[in-house]
Amino acid sequence: MAEIKSSKITFIDLFAGIGGIRLGFEQHGMECVFSSEWDKFAVKTYEANFGEVPHGDITLIDEATIPSFDICLAGFPCQAFSLAGSRKGFDDDYKGQSRGTLFFEVVRICSYHKPKVIFCENVKGLLIHNKGRTYKTIKSTLESMGYTVFEKILNSKDFGVPQNRERIYVVAFRNDIDATSFDFPEQTDTSKRIINIIEKEPVEAKYYLSDVYLECLRRHRSRHESKGNGFGYEIRDMNGVAGAIVCGGMGRERNLLIDKRQTNLVPTTNIKGEVNKEGIRKMTPREWARLQGFPDSYKLPVANVHLYKQLANSVTVPLIREIAKGIKKVLESNERRRNNERE
């Protein structure tokens, strides 16, 4: 087992994405000693912000080569359990990689290292997937490894960002850690609205929908409404909150804005028709980053098509920071108790 000496609480960042979970833990002074991410575009964003290139496919990494650590951060892929997806769970396969079974890579690594804490984040559909059996398997597996498991569904809009995003958060403490004082955070800030995160200057014309595309969206929505369905584009009130940002066009189309500040609406890309005259536009990647609580100092170095995907797959940093605060409090309390016992 490789050793890294540090007086700080250390963690590894598995399925790291663009480092949203890492950022929340680092904001409490904790130290990352290993990261893994296989998507090449996410790796570019991660490197631009953290100055390191994550290791690749976690299934190919020998657990013995990973440095010792206190906390395992594992935002393992959620598409397998998503209410909006195929919900194949542990049977889900994507580009030759089994997304549903990647949880067992966490098990493999943590069974070897026995960290003090295992932290996971996923879509809330994980709780009810396969009639609850999937999560029951996850929880019982962690318990059989010697951990006490806490879980809770939390909403991003309660933690300082205007995004209605419910996710399940799982914190597992090793049984020799006294975790009786641990609790998930309560609401910290419900005041933020979309108006608080929009770009200060008018955005480029490329973010405004063409009149042809807008009409297509309207017809699509009308067809679904006639069938009693709720699918379709949605224009958000600037004084309201956004819907959950998700991958694909739906994530952008269900979070449109009316913003008439831009007067130069000459198309900068090839579009059918003209830019709409109603001021309807999609949000920018920077606005999505703010919906996830990333600071404006966070670099967005790749093309927009990749940024939208990366940010949709990421986490809400302020919410993660609050959970990290509770975890750190438990670990420091246990360390003080052990020090007192030695004296």
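I began with strand 4 and strand 7 (residues 166–174), which pair in the antiparallel sense over 7 bridges. Pairing here means that DSSP finds at least two bridges between two strands. Strands are DSSP runs of E, at least two residues, numbered from the N terminus. I looked up Phe 119 and found Val 171 in strand 7 as its bridge partner.

A caution on the source: this is a predicted model, where local features need pLDDT of at least 70 and side-chain atom pairs count only at pLDDT 80 or more, while totals for chains, interfaces and linings use all residues. Residues are numbered from 1 along each chain as its sequence is written, and side-chain values use heavy atoms, with hydrogens and water left out.

Next I checked strand 3 (residues 71–74). Strand 3 pairs with strand 4 in the parallel sense, over 4 bridges. Ala 74 stands opposite Cys 120 of strand 4.

Is strand 4 enclosed or open? I found 7 of the 7 residues of strand 4 (residues 117–123) buried, so strand 4 is largely enclosed by the rest of the structure. Buried means under 20% relative accessible area, with a 1.4 Å probe and protein chains only.

Then the cysteines. How many disulfides does the rule give? The count comes to 0, taking a disulfide as a pair of cysteine sulfur atoms within 2.5 Å. Cys 32 is in no disulfide; its nearest cysteine sulfur, that of Cys 72, is 11 Å away. Cys 72 is in no disulfide either; the nearest cysteine sulfur belongs to Cys 110, 3.7 Å away. I noted burial too: Cys 32 has 11% relative accessibility, so it counts as buried. Cys 72 has 0%, so Cys 72 counts as buried.

Technical notes:
Buried < 20%, exposed > 50% of the residue type's maximum accessible area, 1.4 Å probe, protein only.
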